[in-house]
Amino acid sequence: MNLAAATNENLAQVSNVLIYSSMAVYLLAFFANMAEWIFGSRSKTGRAAAALTAQKPAKTAAAPAVQVKKNGSTAVLERPQVVTRAASGSRGDVPDGPGASGGDEQGDLYGRIAVSLTALGFLIEFCGVLTRALSVQRAPWGNMYEFSITFSTVAVGVYLALLAMKKNVRWLGLPLVITVLLDLGLAVTVLYTASDQLVPALHSYWLYIHVSTAIFCGAVFYVGAVGTLLYLFKDSYENKLVKGGTPGRFATSVLERLPASASLDKFSYRVNAAVFPLWTFTIIAGAIWAGDAWGRYWEWDPKETWSFITWVAYACYLHARATAGWKGRKAAYLALIAFACWLFNYYGVNIFVSGKHSYAGV
Amino acid sequence: MSKTNTPEEASEQEAVAQLSTAPQEDRTPGSAKFGVIGWARWFWRQLTSMRVALILLFLLSLAAIPGSLIPQSGTDQMKVDAFKKAHEHLGPVYDKLGLFHVYSSVWFSAIYILLFVSLIGCIIPRTWQFVGQLRGRPPGAPKRLDRMPAYATWRTETGADEVREAALTLLRKRRYRSHVAGSAVAAEKGYLREAGNLVFHISLIVMLVGFATGQLFKSDGTKLILEGDGFANTLTQYDDFSSGNLFDKDTGLEPFSFTLKDFTGTYERSGPNKGTARTYKADVVYSEGADGKEKNATIKVNEPLKINGTKVFLSGHGYAPVVTVRDGKGKVVSKQAVPLLPIDSNQTSTGAVKVMDGYKNGQGKKEQLGFNAFFVPTFAGSGKGDMFSQFPALDFPVLALSAYHGSLGVDSGIPQNVYQLDTTNMKQFKDSKGALLKKRLLPGESMKLPNGAGSVTFEKGVKEWATFEVAKQPGTDWALIGAIGAIAGLVGSLFIQRRRVWVRATTGDDGVTVVEMAGLGRSESAKLPEELGALVDKVHARAPSAPEPSADSEDSETTAVPAAEGAEK
Ligand code: HEM
């Protein structure tokens, strides 16, 4: 073995250690998230409940003309305030929950710790991916192990980026960390492949473009799917309240702290809609690459087929939101189906179906 | 809808109208008269409705699934045959349903053709409507601006005309299409959303047309070429050729020719992926047209040679040992590089060496010779395991031959597989023990045929061959243009908000002007109130608030902040 190969082996080792370390840190982040939720359950917030039960139906709420001025003040330079009003008929006036900590100080502290730990885990995992890339001297996307570690890194990165953009997404923390742990656990046990270089068919700069955007899209679709799932829960909860039911204590405690169903719905729509063009691009980039590598742009190879199915499913979802009678829950189910298609494409096709994309190394 | 609306509701509906060109849902089948035309119209309206588009899209994704799970004859006929053998009853049923060629089956085609008919039926009226909107003006302000999703109001001593003028200038500067309608300025922005949406859907059609053209006019053939040999792009030269229904056999093929100078393959030497290919490249000399200038090129797996829309791909490779056959007198009757077909990833290869003519046996009689050939580029070593290759590179080449004589059956008129020996009319050469004569040869070694029948030599210097796929698929440019258009359109359609802003200024009896500003978007968006806020600031700077006449009396009457607002504080 020559010197370069030895350093590569070493780097691969370093990468493995980093990945394991990041798992440990994510595990701590998981506990901190749990602590946040548990301490948060001490606070009794019932904003959604209050908004939905105490308040009269939308009509009367909508009726009064809103004169926007500070009460009693005569300050002339006061800037007129913009009043927003939800479209009639929607439950848009339910306030968002306060987040996992429920306003509890200790809970909030743990929440902040969780975010810090997640960020730390992200840095370590990122270095793990980077050293892996250096050890194989190419982009770290040659097999499923590498996909998986890159995927979770990007998913956490998307979460942290949303936080940095001051978006109200801390509620994503716990489900995200759980999935990341599952993903990494699967990666290091079942999917692990010793580092190695690529077969010639994979050598192309389209690889960098196609695979990196595919991983990124997956991470964002994942975030959208979590939002959608929580939307469904919260929506049922609000429906129950509107109908005068009393949801269980656990459901109340958890769901009261989440954003309003309308906010969750909007969030997941934005996220899904925002990456849809990129997903379109990913498929087209893949077709161009296939055209170069295999001589045919589109062969209905299982991976291609499932990318197409995923694409059409998301197109369905976007259409559904513009179609009367399909907004809300029905559209949300479509979004979940679409994400399931993506997941199947990612795991299922590599494992159960053989095709030209079978470089997965499992 | 036929219920009487209050004037307020009516003006509101007008303000919201045409914020998109999406077709309205329509469930009632036409008017009272219900003739054939009525039904046709109803059917057409159904087909081009959003709901049906949604259903068709959903069906399309469902219908694509079986093709990914059941072997497809288009991609792998062998798997299809194996499947049919394994499932005696299911096979014929699947066959009937077209499940072995889902993507060209009647039902799959029906779905996407319906979808595209629906799409065209949807786009044309939407485009007209959109052009109409571009020509018209944004609708005037609704009566009750405070019912819009974002709203602000204040009183000012600036004159109403002046406020409107200021608002109009401001909105125009911000590239709103604006005009004064009655007491209010009406403005709209974000038409690119609709344009983007239309571009996206039109691009889908362009893309489909591109693909369809490609399918109909494509040609695709393969050719095995030995190092040193050449190829000219005519039908007769192909080993294998297929083409679309509208392909023109006389003019469809691009005239060009090339010679394979050298093929190079390198492989991973160690590690878990030992033997995996690292590089494959073919150095060729080619010339375009009947007799163009010769140019050098290298064809790699991801880098086909492109000649005027025709692409030459490197699709496979193997070895061709050079074999010399001599007759009993030592005269060379045949010296040829024999391409052998790999049967595993380490290039263990099999094939046949055939000597058709020129050979006379020991008795001076004309005969044909045939050898079954088994070749490994890297031999394990004698006594070590079997005769399978250990590595795909030429590290320790060994050729095993077994010898036959008689008639190869090539004259019988039945097309023959060049890689297989038909031994029905051949006799085995026997070794001293009476068994089939066979021998493993190292490069340079020979095998003597018994009874002065001659010899066969495995020459040093094994040649390599490569297979090339020559493919032409017109219309891909259109597909690509469609794809780029689709992405651009999507970006416009998903990231741009179409929104309306109204600024109403009315002078009350007390001579003070009441300014009302409202914004309306297609969907509720956090950006809209923000944008309105910025506009309000600008207008407010030109028309500052008037001092409140009597602070308490009026305010307490009109201020009723909703409970939800209060809860936020
Ligand atoms: C060929 C399959 C189709 C695909 C892949 C597709 C895809 C899409 C996508 C991704 C969007 C979202 C973009 C946006 O929200 O602006 C969209 C919007 C839209 N599509 Fe399609 N579409 C297809 C066929 C159709 C058909 C047949 C119709 C007509 C019935 C149609 C009408 C619309 C309309 C009106 C919108 C805009 C909805 C809105 O304004 O929010 N589409 N389509």
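Modeller: A residue is near a molecule if one of its heavy atoms lies within 4 Å of it. This is a predicted model, in which local features need pLDDT of at least 70 and side-chain atom pairs count only at pLDDT 80 or more, while totals for chains, interfaces and linings use all residues; side-chain values use heavy atoms, without hydrogens and water. Residues are numbered from 1 along each chain as its sequence is written, with chains lettered from A and ligands numbered from 1 in the order in which they are written.

Biologist: How many residues surround the ligand?

Modeller: The ligand lies between chains A and B. The closest residues of its shell are His319(A), Cys122(B), His201(B), Ser493(B) and Arg522(B). In total, the number of residues that surround the ligand is 27.

Biologist: Which element of chain A gives two or more residues to the shell around the ligand?

Modeller: Helices (H or I, at least four residues) and strands (E, at least two) are DSSP runs, numbered from the N terminus. Chain B contributes α3 (50-69), α6 (106-135), α8 (191-217) and α9 (476-495) in this way. From chain A, the element is α10 (302-322).

Biologist: What percentage of contacts in chain A between residues at least 6 apart in sequence join residues at least 24 apart?

Modeller: A contact means heavy atoms within 4.5 Å. Of the contacts in chain A between residues at least 6 apart, those joining residues at least 24 apart make up 82%.

Biologist: Is Thr310(B) buried or exposed?

Modeller: Thr310(B) belongs to strand β11 (residues 310-320) of chain B. Leaving aside residues up to four places away in sequence, Thr310(B) touches Glu254(B), Phe256(B), Leu305(B), Val470(B), Ala471(B) and Lys472(B). Buried means under 20% relative accessible area, exposed over 50%, and partly exposed in between (1.4 Å probe, protein chains only). Because its relative accessible area is 3%, Thr310(B) is buried.

Biologist: Which residue is the bridge partner of Val285(B) in β9(B)?

Modeller: Two strands pair if DSSP finds at least two bridges between them. An open, antiparallel sheet of 4 strands in chain B has the order β5-β7-β8-β9, with β5 (230-232) and β9 (294-300) as its edge strands. Strand β8 (residues 277-288) is joined to β9(B) by 7 bridges. In β9(B), Val285(B) has as its bridge partner Asn296(B).

Biologist: Why is one side of β13 and of β20 in chain B left without a neighbour in the sheet?

Modeller: These strands belong to an open sheet of 4 strands in chain B, ordered β13-β12-β21-β20 with antiparallel pairing. One side of β13 (332-337) and of β20 (446-449) is left without a neighbour because each stands at an edge, with a single partner strand.
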